[in-house]
Amino acid sequence: MTPYTNATSVRPSNRTLESLAALSDPFESLIDTVRAHRFGHEHHHDHEESITDVEADVLEAVRARAGEVHETLSHDNDVFCVEFAGSTGGGKTMLIERLIERASDDETIGAVVGDVAGKDDATRLRSHGVQVENINTGKECHLDPTLVSQALEQFVLEELDTLYLENVGNMVCPADFPLGANRRVLVVSTTEGDDVVRKHPMLVQTADVVVINKIDVAEVVGTDVARIRKDIENVAPETPVFETDAKGNVGIDEFASALEADHGHYHGHRDESTH
């Protein structure tokens with residue numbers, strides 16, 4: 001698999017969750033400014049350049065915050081964290097369920113689930129006996145590392161082996177908001193059409209793995225899976241691609257084995273680096 005792109009693009013420090021919280025006010029102030037512009041509540045077109053500068057500051061702050069989360073999870077507590085991004089209804093929750101079902105008895109798993117409203121996905125994952133923290137984002141269409149860091153306060157991190165982050169269903173905004181995971185898995189569904197990758201290349205380029213899900217209905221909905229594969233190869237040539245039917249348990253073993261091997265490689269690298 002490709003190296004963790006989100007983590008290596010930032011400069012993690014030794015700050016703890018408490019220090020993340022201390023950064024909350026200025027971070028939220030920057031976020032609020034950009035939100036207001038994005039949703040059209042304020043249109044200061046004479047100051048577009050300054051707004052662009054603010055957006056750049058926000059994205060830099062987001063990357064720094066994601067680095068803090070990554071430091072806390074991966075380096076301080078040895079937790080292997082996998083984010084699932086993709087549109088609503090693409091099958092993110094069911095893929096996580098399949099991975100939990102295949103986990104060994106001695107693997108302790110947690111999950112953080114983001115949705116605009118409701119707790120349906122969190123309830124499904126809790127039924128598998130794992131700790132799940134649910135985040136309702138309201139009007140926001142993605143998780144951000146501050147929300148994740150707040151959710152992490154509910155876990156005993158040193159007891160976790162694996163943490164799954166299920167982002168809000170969205171194929172646009174998560175591209176600019178790394179969460180600090182070791183791996184980002186992008187789930188695209190055949191029900192979204194075979195032009196989904198061409199319409200959302202930036203999110204594909206931020207992914208470490210792409211899963212094409214619901215291949216069982218591809219023919220029915222008129223989607224050419226080979227075309228999706230070709231588009232992924234064009235915009236992100238080195239990214240591993242898996243084809244799954246999560247509901248029918250097809251292709252899950254290959255996907256799970258790849259993540260497990262990556263997890264093992266990650267631990268091996270850590271062991272070497274600590275000697």
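## Aromatic pairs

Two rings of Phe, Tyr or Trp are counted here as a pair if their centres lie within 6.5 Å, and by this rule the count comes to three aromatic pairs in what is a predicted model.

Phe242 and Phe255 are both buried. Through such ring pairs, Phe84, Tyr164, Phe242 and Phe255 are linked into a cluster.

## The nonpolar cores

The largest nonpolar core has 27 residues, of which Phe84, Leu95, Tyr164, Val185 and Phe255 touch the most other members. Two or more residues are given to this core by each of E1, helix H5 (92–102), E2, H6, E5, E6 and H12, and H12 gives the most, with five residues. Apart from this core lies another, of 18 residues, which includes Met171, Val210, Val225 and Ile232.

Tyr164 can be followed in more detail. When its neighbours within four places in sequence are left aside, Tyr164 is in contact with Val82, Phe84, Ile96, Leu99, Ile100, Ile109, Gly110, Ala111 and Val112.

Strand E2, which covers residues 109–115, is mostly covered, with seven of its seven residues buried. Ile109, Ala111, Val113 and Asp115 point one way from E2, whereas Gly110, Val112 and Gly114 point the other way, and all of these residues are buried.

E2 pairs with strand E4 (residues 162–166) in the parallel sense, over five bridges, and within E4 the bridge partner of Ala111 is Tyr164. With strand E3 (residues 131–136), E2 again pairs in the parallel sense, here over six bridges, and Asp115 stands opposite Asn136 of E3.

## Cysteines without disulfides

A search of the whole structure finds zero disulfides. For Cys173, the closest cysteine sulfur is that of Cys141, and the two sulfur atoms are 3.0 Å apart, which is too far for a bond, because a disulfide is counted only for sulfur atoms within 2.5 Å. Cys173 is buried, with a relative accessible area of 16%, and Cys81 is likewise buried, with a relative accessible area of 0%.

## Loop residues

Two residues other than glycine deserve a note on their backbone angles. Most residues other than glycine have a negative phi. Asp78, although not a glycine, has a positive phi of about 60°; Asp78 lies in the loop between helix H4 (48–77) and E1 and is partly exposed, with a relative accessible area of 29%. Lys214 also has a positive phi, near 65°; Lys214 lies in the loop between strand E6 (209–213) and helix H10 (218–221) and is partly exposed, with a relative accessible area of 26%.

Pro178 is a further loop residue, placed between E4 and strand E5 (183–189). Pro178 is buried, with a relative accessible area of 7%. Although 34 residues separate Pro178 from Asp144 in sequence, the C-alpha atoms of Pro178 and Asp144 are 7.2 Å apart in space.

Definitions and conventions: Residues are numbered from 1 along each chain as its sequence is written. This is a predicted model: local features need pLDDT of at least 70, side-chain atom pairs count only at pLDDT 80 or more; totals for chains, interfaces and linings use all residues. Side-chain values use heavy atoms; hydrogens and water are left out. Buried means under 20% relative accessible area, exposed over 50%, partly exposed in between (1.4 Å probe, protein chains only). Helices (H or I, at least four residues) and strands (E, at least two) are DSSP runs, numbered from the N terminus. Two strands pair if DSSP finds at least two bridges between them. Rings of Phe, Tyr and Trp (its six-membered ring) pair if their centres lie within 6.5 Å; planes under 30 degrees apart count as stacked, over 60 as edge-to-face and the rest as tilted. A nonpolar core is a set of buried Ala, Val, Leu, Ile, Met, Phe, Trp, Tyr and Cys residues joined through side-chain atoms within 4.5 Å. Contact means heavy atoms within 4.5 Å.
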